[in-house]
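Here is a short report on one predicted model.

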Amino acid sequence: QVQLVESGGGLVEAGGSLRLSCAASGRTFSNYAVGWFRQAPGKERELVAGISWSGGTTYYADSVKGRFSISRDNDKNTMYLQMNSLKPDDTAAYYCNTDTAPFGATTDLRRRWKYVEVWGQGTLVTVSS
């Protein structure tokens with residue numbers, strides 16, 4: 001089982017930037033595709049960005065493409081989400097998590113993440129207009 005701790009959220013004005021971090025422990029983090037997810041009040045959780053286990057491929061939801069950038073540092077068991085040009089619609093609780101099986105691509109993550117049962121506490125991002 002993997003333990004994940006998200007950090008870096010906060011209150012920012014529209015157009016501003018934030019960098020989220022996710023520290024992982026308890027599983028061989030480097031073997032898993034990982035992603036950032038968000039859940040806004042009254043809405044379902046969605047995958048906004050993913051990166052393959054090797055770091056070679058990434059995925060972005062259309063709503064964040066060109067503004068968000070996902071990266072990982074396997075030596076530090078940490079992943080990041082750089083968020084630029086933030087909009088009020090980006091307001092949500094942000095979560096990180098891994099794929100359900102190792103050595104997956106971002107396409108696997110996109111298909112399998114809804115089967116993930118354990119989530120961290122997330123970090124809240126609030127973008128004011």
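Is R67 buried or exposed? R67 is buried, with a relative accessible area of 11%. Buried means under 20% relative accessible area, exposed over 50%, partly exposed in between (1.4 Å probe, protein chains only).

The model is predicted: local features need pLDDT of at least 70, side-chain atom pairs count only at pLDDT 80 or more, and totals for chains, interfaces and linings use all residues. Residues are numbered from 1 along each chain as its sequence is written, and side-chain values use heavy atoms, with hydrogens and water left out.

R67 sits in the loop between β6 (58–60) and β7 (68–73). Strands are DSSP runs (E, at least two residues), numbered from the N terminus. The R67 side chain reaches the backbone oxygen of S85 at 2.9 Å. Beyond its neighbours within four places in sequence, R67 contacts (heavy atoms within 4.5 Å) residues including Q82, M83 and D90.

An open sheet of 4 strands runs in the order β1-β3-β8-β7, with antiparallel pairing. Two strands pair if DSSP finds at least two bridges between them. β1 (3–7) and β7 are the edges; each has a single partner strand, so one side of each lacks a neighbour in the sheet. β1 and β3 (residues 18–25) are joined by 5 bridges. L4 stands opposite A24 in β3.

The whole structure holds 1 disulfide, defined as a pair of cysteine sulfur atoms within 2.5 Å.

| Feature | C22 and C96 |
|---|---|
| S to S distance | 2.0 Å |
| Angle about the S-S bond | 70°, right-handed |
| Sequence separation | 74 residues |

C22 lies in strand β3 and C96 in strand β9 (residues 92–98). Both cysteines, C22 and C96, are buried.

How values were computed. A polar contact is a pair of N or O atoms within 3.5 Å; within protein, one must be able to donate a hydrogen and the other to accept it, and residues adjacent in sequence count only if both atoms are side-chain atoms.
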